[in-house]
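Subject: Structure for your review

Dear colleague,

Please find the structure below, followed by a summary of what was found in it.

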Amino acid sequence: MASLSENPEALYGDVIMEHYRSPRHRARLERPDAETEEFNPFCGDRANLQLKLDGPAGSPPLIVGVSAFAEGCSIIQASASLLADGVHGRTVDEAADLSQLFRDLMQGKPLPPVALAELGELEALEVVRQYPVRIKCALLPWVALEEGLRRLR
Amino acid sequence: MTTATNMTGAPGHAAAIPSDGLAALDPHRIRQDFPILDQQVNGKPLVYLDNAATTQKPRAVIDAISNYYLNNNANVHRGVHTLSQRATDDYEVGREAVRRFINAPDVNEVIYVRGTTEGLNLVAHSYGRKYFKAGDEVIITGMEHHSNIVPWQILRQEIGIRLRVVPFNDDGELLMDEYESLLNDRTRLVSVVHQSNALGTVNPIAAMAELAHARGIPVLVDAAQSVPHMPVDVQALGADFLTFSGHKLYGPTGIGALWGRSDLLNDMPPYQSGGEMIRSVTFEETIYNTLPHKFEAGTPDIAGAIGLGAAIEYLESIGMERIAAYEQALLRYGTEKLGDIEGVRLIGTAEDKGGILSFHMESAHPHDIGTILDAEGIAVRTGHHCAQPVMARYGVPATVRASLAFYNTTDDIDALVTAIDRVIEVFG
C-alpha cells in the first residue's frame, strides 16, 4: 500500500470516491422501526440511519429497509453508503456481527479471509487507518447503526 | 517619510516601515528564531498556516522557560530565599511586559489567567454575577468565538439576562447602525471580539466603545487574535477590560492576561479562592488581597508568565507596526492568489481584516482538503473554528482556514495554492 507521502491521494481510491459521489440508500424510509443519529460536535459531521425490519413469521426478521444519510466529508459519506449496502438483507444479529468486523478492520486486527469476504467492499475503508484523525469519520455511521440495532433487539 | 535606509533603524519605529509591506521585515531571518519551522512533514517542508489556533515559539521563549526550570524554579510571593525572589522578579517582569505591550496605565491591573477563555469567564462570573439582574442585557456580535457566547448564556440561565447579538454583512463587517440601536438602558456590558478568528474581520472597537461609554456601559474586548498581529493600546481603544492568550502570541500555552480598569476590578469579588488571593484568614473572616493578587488564587503558571514576558520582549524587538505591515501585505498576496482559483470561495472579506484566509470549496469537504494539504506538509485548520454561528451565517458546515504569522512567506502561500490545485485534481 502506498504511503501517505508517496501518494497523498491514496485515501481517495475508486470505491470510496464512487460511494462518495453516488451514495446508496439515501432515500428516507416512511415508517422506520428505528432511527438514530450521531453527531461529531468537533467537525460538524452528522450521520442519520433508519432501519426497517420484516420477514416471514417464525424466523428472525431481516433488515429490508435501510436509509443512511450522512453530512460531511468523503469518508463519512462513503462509509454510510457502504454500511447501508452491507447491512441490507441481514438479520439484526448479522448486522451487529458485520459492525464488529468493521471495527476490527479499523483497529487493525488481523482478519481471516472469510471475514474479509464478509466485509466485501467495506474493506476499501481500511486505508483510512493511515489517516488516524479520519478514523472517527469512518466510524460515525456505525455508531448510529449499533444504537439502532440495540433498539431493535 | 520613508526611505530604504530606515530598515536598519531601531525596531518598532513606525517611520522605519517601507511602504511595500512585504519588505517590512525579512521572514527568512525571522524563521531562524523558530526552530520548529525547519522540518519536513510527510516528506515536504513544513508550511505552518494554523497560527490562529496557536503560534510557534521563538527560541527566546523556549530558553526563558528552560532557564527558569534549570536555574530559578521556586514558588512566587512566598519565600524569603533567593530562588523565590528570582522567580518572583521574573514573574513580575512578565506582568510589566504585558502592561507595556497593551499600554495599560497600571501594572496592577494586569491579571494572569490561563488564556482568553478564562479572562472572559472571569469577567462574566465576577463582574456579571455582581452587577447583572434579570432583564439586563449583554451585547455580543454574531462573529464571537464560543468562549464569548457560552459564559453569557450561563448567566442567562442563572440570572435571566438577555443576550443581544450585533449582526454582520456578507463581507463580515458589523452593522454599526444595528449595534447602536441595540444599546439601551438595560445594556450592562458590551463584550466584543477585536479580530474574528473565523473571518479575520477587525472590528471598530474604539467607535463601539465611544457609543457604549456615552451610555455608561463598559466594554470587554476579546483580543486573542488581535494582540499577536497589530499594535493594541487599551487606552486608545477605550476598552474597560481586554483579554488575550499567551500561546497565540508566540508564548506558551496555559497563560494569558486579563487587563481591566482598576476601579472596576477593585469592586469585583474574587473569581477563585485559595492561596495568594488573601491578605489574612481566620475561621471567622477572610480579607482579600489587593490587585492583581485578588484574582490569582493558587500557585500560578510561573514558567508560563516568564515565557509570555519573553515572547513580548521578542515581539517588541521586531516591532508590532512592522509585523502588522508585513502580515497585511502577505494577506493581500494570499487574497489575490486564492481569489484567482475557480471554485474557492473566500469567507470573510471585510475591508479591515487580519491575516485570516478562510475558504470553502463546493467540490470538496474541508476535512478532505485538510487531508490533502497535510500530505503536502501544509498545516491549516478545518472545521467550524468554535464559531458555529458564523458558519451558519454563511450556510457552510465548516471552512478551511489558513492563518498567517510574520514568519510565513509568499512561498507558503504559493505552496497552499499548489496544494489546492491537487484538491481540484482529486475532487474536481
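Helix axes here are lines fitted to C-alpha atoms, over the stretch in contact, and angles run from 0 to 180 degrees between N-to-C directions. Helices are DSSP runs (H or I, at least four residues) and strands likewise (E, at least two), numbered from the N terminus. This is a predicted model, in which local features need pLDDT of at least 70 and side-chain atom pairs count only at pLDDT 80 or more, while totals for chains, interfaces and linings use all residues. Residues are numbered from 1 along each chain as its sequence is written, and chains are lettered from A and ligands numbered from 1 in the order in which they are written.

In chain B, helix α2 (residues 59–72) packs against helix α10 (residues 302–318) at an angle of about 145 degrees, with their axes 8 Å apart. The residues that meet include B:Tyr68 and B:Tyr69 of α2(B) and B:Ile306 and B:Tyr314 of α10(B), contact being C-beta atoms, placed from the backbone, within 7 Å. This contact comprises 12 nonpolar residues, 1 polar and no charged (Ala, Val, Leu, Ile, Met, Phe, Trp, Tyr, Cys and Pro count as nonpolar, Asp, Glu, Lys and Arg as charged, the others, Gly among them, as polar).

In chain A, helix α5 (residues 135–152) bends by about 25 degrees at A:Pro141, the bend being the angle between axes fitted to the seven residues ending there and the seven starting there. Among its buried residues are A:Pro141 and A:Trp142 (buried: 20 or more other C-beta atoms, placed from the backbone, within 10 Å of the residue's own). The buried residues of α5(A) pack against elements including β2 (46–54) of chain A and α12 (366–375) of chain B.

Between the chains, 16 residues of chain A and 15 residues of chain B take part in the contact. The chain A side has 9 nonpolar, 4 polar and 3 charged residues.

Yours sincerely

Conventions:
Buried ≥ 20, exposed ≤ 12 C-beta atoms within 10 Å, placed from the backbone. Contact = placed C-beta atoms within 7 Å.
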